[in-house]
Amino acid sequence: MSTLDALFAPRAIAVLGASATPRKLGAAMTDSLDSFPGPVLKVNSGRPDPDRGFFPTVGEAAAAHDVTPDLIVSCIPAAVTADALREAAAAGVRAALVCAGGFAEAGSDGALHQQALAEVVRDTGIRVLGPNTSGFLAPHRHLTASFVPGVAELEPGPVAVVAASGGVNHALAFALAEAGVGLRLGVGLGNSLDVTQADVLDHLAEDDGVRAVALHVETAAEGRRLTEAVRRLTDRVPVVALVVGRSDIGDFARSHTGALATSWRVTRTALRQAGAVLVDDERDLVDAVTALSRMRLPANARPGIGLVTAQAGPGLLLTDDLRSHGVQVPPLVERTVKELRELLPALTYLNNPVDTGRPSPVLTQVVERVSEDPGIDVTAVYGLLEPTAVDLPAALAAARTATPVVAVVGGPVEQARQARRELDEAGIPCAATPASGAVMLRALVEDAAARTRLAAVVTAPDAPTLPPPGPVDEHTAKGVLADLGIRTPVRRVCADPAAAHAALDELGGPVVVKILDAEILHKTEVGGVQVGIRTHQELDEALARMPASPALLVEQMAPAGPELIVGVRRDPVFGPVVALGAGGTAAEILGDVTLRLAPLSANEAHAMLDELATRQMFLGARGATSVDRARLTHVLLALASLAADNAVAECEINPLRVLPGGDVVALDAVLLLRDPRAQGGSDDA
């Protein structure tokens, strides 16, 4: 039994602020609950009328109906909500939906109302959804706890929606209905004072009627708790996530919910690493959950797609979209091509995508042959409706395929809709356009790949001994890295110019000379780094150009090579985050970076390089040195282990240079330690 059953599966409901006056919120909510099969109690403290079923308190309404409601739906103003909920909890109510706005999103006065409501939750244990939400929908229970017109007509089905916004919840519910997909549960969180996205996801994990979950995220204040809930849920059903915040909308997001908008990039990283499929807009979200509610591929790092198209142009659109997103559309084996030659005319292309020329009577056999190819894990079919040539839905439904099938069907509007309905009934996800079909296929592939990543074991080297609290200079930071098995240049700490000259004699040229000052993190910007020094005269000239410093660092100069930036920092919401990107002076200009939460598996660390737009720079393009992937993976895992120590706030290596032979060396390092007084805090605060 879920802790949210009283909210989403109540036996009886009471409406606070119920009204007989049309256009009032309480009247609209009462009307929406008309289809609920259990008792719906009406409470109106301002205008009670027991003869018409309106009672002044929840307790009196419960006594009159001889039932204690599990859930109250509050349609009263923010200023009186806390007292009303405290009274309801005393009467035995276990959950509340608070629809009213005027709480934290409304400024200081509203924040006080929200604080009072939070105190009721703390004192009584009542679970509260909202405030500032248009409600939730559970069509299979005939429960429409929403004042939005038309939602009572939504059909039950296998997809759940968990949205930060009540408006988005309803928009997605209607979009799913248009796509022919029914709703299991649709929840708008609002301000998330008590019930959060993680709570709802944990509730859904216990619901066998859910086949896929659409997750809409505006803020992620829960941090790791949210990702842990996604991780648990994806063991059983797929989760597709849409994260808002690609552009600078922080103030707008805060005004919407009263919550702090967190990093879009880190939030997406966290959800993907937890197993969610990521999409960029609400249309893609609907397409992805539509496909995943119909089927789920076995775990597979790189599933192969077989394409059969009755028109070459749309087939090219599908192929181009999939390959540009890194999805495999592999060539077919010779045996498959030979079998296809016996079915199709010689003028068509037969090696994936397979072009039938037009909808063909042999379509069923063609799809079967492609699905049986050893490199194919899911088969996609595109066709325009041409009933005189072939009954496309019947041909696909009749196919006895070795893989799941996804269809893309175009044609006259009504006929195409009917064809898509027929295919959906046959268990074949069907899209209306090549773009939507590509989204469906990518979602299936990404979900399968995610479960492969999640199966990997998370391991990391032991963390080293850290220096005492306080500023850390570059030499000390590099000592910590060396303890982790990360290569650093041979170097000498010099107290004065004479010692620097002695170090030049010992190390030989060329060397790099740097100021060694823990208070200066960006030495290049102040002229504190001089390179390519071979002679004592060059050293004197370099020292004359450098600012004063407590000490100097003289290092052997590394050979030229591609440069990366790697680092770890402590995100205020998600905790330690590991970063990899193009490094050196280009790091800030290019902004080419990929992220992971720590700890991470070797598989995750190994895959990070492939996500960089500049990855070919580090993979041997145009004769450049190719990085040793195993060594780079070790560096990433080592930094992840360093982040596990709560004393570390941040560590950055920039640049991490690729040496001849592929090894990497940390040419510069910054290590920041946390204030010991702050280390008891939570990263999810």
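Colleague: Is the crossing in which α7 passes α8 left-handed or right-handed?

Modeller: In this predicted model, α7 passes α8 in a left-handed crossing (the near helix is turned anticlockwise from the far one by less than a right angle; clockwise would be right-handed). Helices here are DSSP runs of H or I with at least four residues, numbered from the N terminus. Residues are numbered from 1 along each chain as its sequence is written, local features need pLDDT of at least 70, side-chain atom pairs count only at 80 or more, and totals for chains, interfaces and linings use all residues. Side-chain values use heavy atoms, leaving out hydrogens and water.

Colleague: At what angle do α7 and α8 pack?

Modeller: Two packed helices are described by the angle between their axes and the distance between the axes. Helix α7 (residues 197–205) and helix α8 (residues 224–234) pack at about 15 degrees, with axes 9 Å apart (lines fitted to C-alpha atoms over the stretch in contact, with angles from 0 to 180 degrees between N-to-C directions). They are therefore roughly parallel (under 35 degrees; over 145 is roughly antiparallel).

Colleague: How do the axes of α13 and α14 cross?

Modeller: Helix α13 (residues 334–341) and helix α14 (residues 363–371) cross at roughly 175 degrees, their axes coming within 9 Å, and are therefore roughly antiparallel.

Colleague: Where does pLDDT stay under 50?

Modeller: Where pLDDT is low, the predicted coordinates should not be read in detail. The protein averages a pLDDT of 91 (the predictor's confidence in each residue, from 0 to 100), but pLDDT stays under 50 over residues 248–262.

Methods. Helix = DSSP H or I, 4+ residues; strand = E, 2+ residues; numbered from the N terminus. Parallel < 35°, antiparallel > 145°, perpendicular 65-115°, else oblique. Contact = heavy atoms within 4.5 Å.
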